[in-house]
Amino acid sequence: SKAEMGHTCRGTINLATANITVEDSCNFIISNGGAQTYHLKASSEVERQRWVTALELAKAKAVKMLEESDDSGDESVSQTDKTELQNTLRILSSKVEDLSTCNDLIAKHGTALQRSLSELEALRLPPDSTEKIKQVNERATLFRITSNAMINACRDFMLLAQTHGKKWQKSLQQERDQRIRLEETIEQLAKQHNHLERAFRGATVLPASTPGTGGSGKDLCCPAKGDLSDEDDDNNEFFDAPEIFPMPDIMGHKRTGSNISGTSSDISLDEQYKHQVEDTKKEKRTRIPYKPNYSLNLWSIMKNCIGKELSKIPMPVNFNEPLSMLQRLTEDLEYHDLLDRAAQCESSLEQLCYVAAFTVSSYSTTVFRTSKPFNPLLGETFELDRLEENGYRSLCEQVSHHPPAAAHHADSKHGWTLRQEIKITSKFRGKYLSIMPLGTIHCIFHSSGSHYTWKKVTTTVHNIIVGKLWIDQSGEIEIVNHKTGDKCNLKFVPYSYFSRDVARKVTGEVMDPSGKVHFVLLGTWDEKMDCYKVQLGTGDNGAEARPRAHEAEDSRVLLWKRNPLPKYAENMYYFSELALTLNAPENGTAPTDSRRRPDQRLMENGRWDEANAEKQRLEEKQRLSRKRREAEAARATEDGKAGLSDKAVPPRCPPKALTALCPPGTPCDPYKPLWFERKKDPVTQEMAHVYKGGYWESKEKQDWSLCPDIF
């Protein structure tokens, strides 16, 4: 009943005043702007869109009904208020007239009374009577004055009531009109939003094949699903036809027509793939298959956590992007031109500015990249040969699995070498996840001999449990030139809701060995970095020197600016132009190259269920290999202690080395990387894996006999 609608139960959200917002492909939120909020999840984007459309239409209907009832109610209330106000003013006016009549009568009778009292005073009366008459006369005068004051106050009140009553009535009418206009605007915006979503969905629908053409009118990139009726078309979800890069022959098997449903498109798809593999040799790809909208059942993951170690839980590929950590490490070279320009600098301080800009640029790809890369398998490698195009080539290898560590080496014919070994540690702190890369990055310039080192800052992923994921970088980086003693201190300012500073701000100072500041760096880690030359005046202290306001803009130099993302990057995991090319199939790479990893390739092609199964197979294979090595190492140790000859011990793991590297009572994995060796760095005095050579020579000979079988 209408009475019950006025007293709804707890948890009820009125559709007429509800806010309906879309969070992502499957989730949407309904709230009343107050304490009540519903987070709803549909099984697919199509179902989510149906719900949102139905709710928007129901909301528009509810708003219209409410508006009609409010209009009639407002009119009746407004009319009633107006009538009551007029009646009140009429009564007040009549009362004031009555008071005015009474005032006239009081004045008339008071005058007569005073006249009579004056006549009494003129008579010869006893002295006592004369005094009494004077007192009565004075009281009559006071009564008349008071009556006049009361009448004037009543008249002023009536005037004020009339004036303010008109103002209040006008203000109420303006508020009512403004509310009606606002409701009309909101309803119009809701209709426009719904129309735009429908238009967007309509733009992404594939054109239906015309009668008589069969399946030839369909896009070759989209698998044929047979003829569908109009009703089925309304129930299907459509996306832009993505470019398909199937698994190449180097994966160990060919892609046949059985992998794709339908019959008419299979031959065309395979022929298209052959052309694409040939094209990847000539030009770099600019697109990958769009990210599918697959729902994820969190309970299917959480139930696997019961009674298991966190490192042993198989995480599905739904949280990943189709790149490995080795490829993400290689993305640091996206702005390699900064090191090319640094190699040409004659001044070591100017060179340090470009090295600092290169350090900041490595974080520019992390702004929207909230998905995690694949954890590399032990012995997995990734090469990037851009010697002809950009003058450098790079090699990464997973050198350790517990703890996970990757070694990276890059050489450039423009006169620089970059190497690093990064170990990733993370801490889950409830609402956010802190990722702390451990390890030192080295950059050596050949002509000057300058050797720079620095470490990475902490990456924080926020809203792990609830809300939209977003990433922030925070901490300080000290870049040191070990040849000259120059230093650069970079500060990554953490995001603060209450701060007035620009988000993702980075500041820095370039100093000589004495501590004098020569350059000031300012910018953001996701957009650009500027450099300002410090002008030292007379009496200025070098450590406190800053660019003056009138000189700052004149000395500003743009060191680095982020490249724009490719078109439709939001559908391709927000990959940059370089990231889109990293997983493209290439012939001649090592059997351990990340491009040949089958679960990663299946995920890129949108076959996530198969990718999850393949990922579990690879991880189980890696665990068995590790147990086998540990068992062999244990046997070798026992044989060494029993006094057996050295021939019974594997040559790569002598007993003395095993006892030196492995703590007592713990299983020892005697694995040694293939292309990197662990040695003490002469500059930092740290133990690190350094490239020992041989990879590019093996590639030239196509001799991969030393590579293990990890896939």
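I'll start with the whole chain, then go through strands, rings and some backbone details.

First, a caution: this is a predicted model. The protein chain has 711 residues, and 39% of them count as buried. It holds 15 helices and 21 strands. The exposed surface comes to about 41400 Å², with 55% of that supplied by carbon and sulfur atoms. Now take contacts with a separation of 6 or more. Residues 24 or more positions apart make up 59% of those.

Three strands form it, in the order 1-2-3. It is an open sheet, and the pairing is antiparallel. Which strands sit at the edges? Strand 1, residues 19–22, and strand 3, residues 37–41, each of which pairs on one side only. On average, neighbouring strands here are turned by 20 degrees against each other, ignoring direction. Strand 2 covers residues 27–31, and four bridges join strand 1 to it. If you want a landmark, find Asn19: it stands opposite Ser31 in strand 2.

Now jump to strand 11, residues 441–445. Is this strand largely enclosed or open? Four of its five residues are buried, so strand 11 is largely enclosed by the rest of the structure. It has antiparallel partners. Strand 9, residues 416–428, is joined to strand 11 by five bridges. There, Trp416 has Phe445 as its bridge partner. Strand 12, residues 451–454, is joined to strand 11 by four bridges. In that pairing, His442 stands opposite Thr453. Strands 11 and 12 make a hairpin, with five residues between them. Look at Gly449 in the turn: its phi is positive, about 80 degrees.

On to the rings. The count is 13 aromatic pairs. Take Tyr695 and Trp696. How are their rings arranged? The centres are 5.0 Å apart and the planes meet at 90 degrees, so this pair is edge-to-face. The cut-off for that label is over 60 degrees. Both residues are buried: Tyr695 has a relative accessible area of 0%, and Trp696 comes in at 12%. Ring pairs also tie these residues into a cluster with Trp675 and Trp704.

Two charged side chains sit over rings as well. The charged end of Lys456 is over the ring of Tyr363, 5.3 Å from its centre. Arg504 lies over the face of Trp525, and there the distance to the ring centre is 5.8 Å.

Last, the backbone. Most peptide bonds are trans, and most residues other than glycine have a negative phi. Here are some exceptions. His402 and Pro403 are joined by a cis peptide bond, with omega about 0 degrees. Pro403 is in the loop between strand 7, residues 392–401, and strand 8, residues 404–412.

Then Tyr573, which has a positive phi near 65 degrees. Tyr573 lies in the loop between strand 19 and helix 11. Buried or exposed? Buried, at 6% relative accessible area. Gln685 also has a positive phi, about 60 degrees. Its loop runs between strand 20, residues 676–680, and strand 21, residues 687–691. Gln685 is partly exposed, with a relative accessible area of 48%.

That's the tour. Questions, please.

Terms used. Residues numbered from 1 in each chain as written. Predicted model: local features only at pLDDT ≥ 70, side-chain atom pairs only at ≥ 80, totals over all residues. Heavy atoms only, no water. Pairing = 2+ DSSP bridges. Helix = DSSP H or I, 4+ residues; strand = E, 2+ residues; numbered from the N terminus. Axes fitted to C-alpha atoms, helices over the stretch in contact; angles between N-to-C directions. Buried < 20%, exposed > 50% of the residue type's maximum accessible area, 1.4 Å probe, protein only. Contact = heavy atoms within 4.5 Å. Areas by Shrake-Rupley, 256 points an atom, 1.4 Å probe, with all protein chains shown as cover. Phe/Tyr/Trp six-rings, centres within 6.5 Å; stacked < 30°, edge-to-face > 60°. Lys NZ or Arg CZ within 6 Å of the ring centre and 35° of its normal.
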